[in-house]
Amino acid sequence: MSKIIIDIQDRNEYNLWHYPGSINIPYDELMNNYRNYLNKNDTYYFYCKSGRLAKRVTSVLSYLGYDANYIEK
């Protein structure tokens with residue numbers, strides 16, 4: 001079981017600043033292809049600039065059975 005931090009901002013925002021060790025999967029890309037990126041055995045921590053999209057992603061993915069959490073800046 002891995003713990004993975006995912007920045008769901010666009011690539012430009014990610015390049016300006018991101019948590020060390022985080023990966024970037026923009027919101028639309030993640031939501032349209034979550035099965036390709038996520039594994040139900042891992043724990044995910046999502047964040048974005050405002051926190052709104054991270055909360056939305058967390059809610060949807062938790063409903064779908066993923067261990068999804070959001071980070072507030």
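Reader: Which residue stands opposite Ile6 in strand 2?

Author: That's Ile23. Before we go on, this is a predicted model, where local features need pLDDT of at least 70, side-chain atom pairs count only at pLDDT 80 or more, and totals for chains, interfaces and linings use all residues. Residues are numbered from 1 along each chain as its sequence is written, and side-chain values use heavy atoms, with hydrogens and water left out.

Reader: Okay, how do I read the strands, and what order do they take in the sheet?

Author: Helices (H or I, at least four residues) and strands (E, at least two) are DSSP runs, numbered from the N terminus. Two strands pair if DSSP finds at least two bridges between them. Here you get an open sheet of four strands in the order 2-1-3-4, with parallel pairing. Strand 2 and strand 4 are the edge strands, each pairing on one side only.

Reader: How many bridges join strand 1 to strand 2?

Author: Two, and the strands run parallel, with strand 2 covering residues 23–24. Strand 1 (residues 3–7) also pairs with strand 3 (residues 43–47), in the parallel sense over five bridges. Ile5 has Tyr45 as its bridge partner in strand 3. Strand 3 and strand 4 pair in the parallel sense over four bridges, and there Thr43 has Asp67 as its bridge partner in strand 4.

Reader: On to helix 3. Which of its residues are buried?

Author: Buried means under 20% relative accessible area, exposed over 50%, and partly exposed in between (1.4 Å probe, protein chains only). In helix 3, Ala54, Val57, Thr58 and Leu61 are buried. Looking down the helix 3 axis, the buried residues fall within an arc of 100°, so they line one face of the helix. That arc is taken over the directions from the helix axis to the C-beta atoms. The face turned away from the buried side carries the exposed residues Arg52 and Tyr63.

Reader: What do the buried residues of helix 3 pack against?

Author: Helix 2 (27–37), strand 3 and strand 4 (67–70). Contact means heavy atoms within 4.5 Å. Leaving aside its neighbours within four places in sequence, Ala68 is in contact with Tyr44, Phe46, Thr58, Leu61 and Ser62.

Reader: And the aromatics: how many pairs does the structure hold?

Author: Five aromatic pairs. Rings of Phe, Tyr and Trp (its six-membered ring) pair if their centres lie within 6.5 Å; planes under 30 degrees apart count as stacked, over 60 as edge-to-face and the rest as tilted. The rings of Trp17 and Tyr19 have centres 5.0 Å apart and planes at 65°, so that pair is edge-to-face. Trp17 is partly exposed at 43% relative accessible area, and Tyr19 is partly exposed at 22%. Tyr44 and Phe46 form a stacked pair, 6.2 Å centre to centre with 25° between the planes. Tyr44 is buried at 2% relative accessible area, and Phe46 is buried at 0%.

Reader: Which residue lies over the face of Tyr66?

Author: A charge sits over a ring if NZ of Lys or CZ of Arg is within 6 Å of the ring centre and within 35 degrees of the ring normal. In this model Lys40 lies over the face of Tyr66, at 5.3 Å from the ring centre.
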